[in-house]
Amino acid sequence: MKSSWTQGLSPEQAIEIKKDFKGCFPTRKRLVKLLEDKISTSQKSSISKDLYASPNWSFVQADNIGYQRALNDVISLILDDSVEK
């Protein structure tokens with residue numbers, strides 16, 4: 001669990017968040033799968049030959065990369081490396 005989850009919370013709130021985080025493992029696991037599917041779909045669409053015809057191709061690619069990076073950031077917040085490895 002990343003420390004950003006409990007940053008700025010009181011000790012009691014931090015304990016509650018940690019407990020809730022561990023308790024929702026099946027939901028977090030499912031959410032990670034959904035986000036990974038979105039990343040995969042974005043990667044596949046970014047190599048579509050149809051996009052090359054767009055005069056804004058480089059902007060579309062930059063947008064796709066930013067979207068994938070954002071989803072990966074969310075995944076890193078959801079995962080708990082100490083439990084799931």
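This is a predicted model: local features need pLDDT of at least 70, side-chain atom pairs count only at pLDDT 80 or more; totals for chains, interfaces and linings use all residues.

Helices are here DSSP runs of H or I with at least four residues, numbered from the N terminus. By that numbering N64 belongs to helix 3, which covers residues 57-78.

**S46 and its surroundings**
- S46 is part of helix 2, which covers residues 25-46.
- With a relative accessible area of 11%, S46 counts as buried, because the cut-off for buried is under 20%.
- Once neighbours within four places in sequence are left aside, the residues in contact with S46 are L51, Q61 and N64.

**N64 and its surroundings**
- N64, in helix 3, has a relative accessible area of 13% and is therefore buried by the criterion of under 20%.
- Leaving aside neighbours within four places in sequence, N64 is in contact with S42, S45, S46 and L51.

**Packing of helix 1 with helix 2**
- Helix 1, residues 11-23, packs with helix 2 at an angle of about 65°, and the axes of the two helices are 5 Å apart.
- Helix 1 is therefore roughly perpendicular to helix 2, because angles of 65 to 115 degrees are counted that way.
- F21, K22 and G23 of helix 1 make this contact together with F25, P26 and R28 of helix 2.
- The residues of the contact between helix 1 and helix 2 divide into 3 nonpolar, 1 polar and 2 charged.

Notes:
Residues are numbered from 1 along each chain as its sequence is written. Side-chain values use heavy atoms; hydrogens and water are left out. Buried means under 20% relative accessible area, exposed over 50%, partly exposed in between (1.4 Å probe, protein chains only). Contact means heavy atoms within 4.5 Å. Axes are lines fitted to C-alpha atoms, for helices over the stretch in contact, and angles run from 0 to 180 degrees between N-to-C directions. Angles under 35 degrees count as roughly parallel, over 145 as roughly antiparallel, 65 to 115 as roughly perpendicular and the rest as oblique. Ala, Val, Leu, Ile, Met, Phe, Trp, Tyr, Cys and Pro count as nonpolar, Asp, Glu, Lys and Arg as charged, and the others, Gly among them, as polar.
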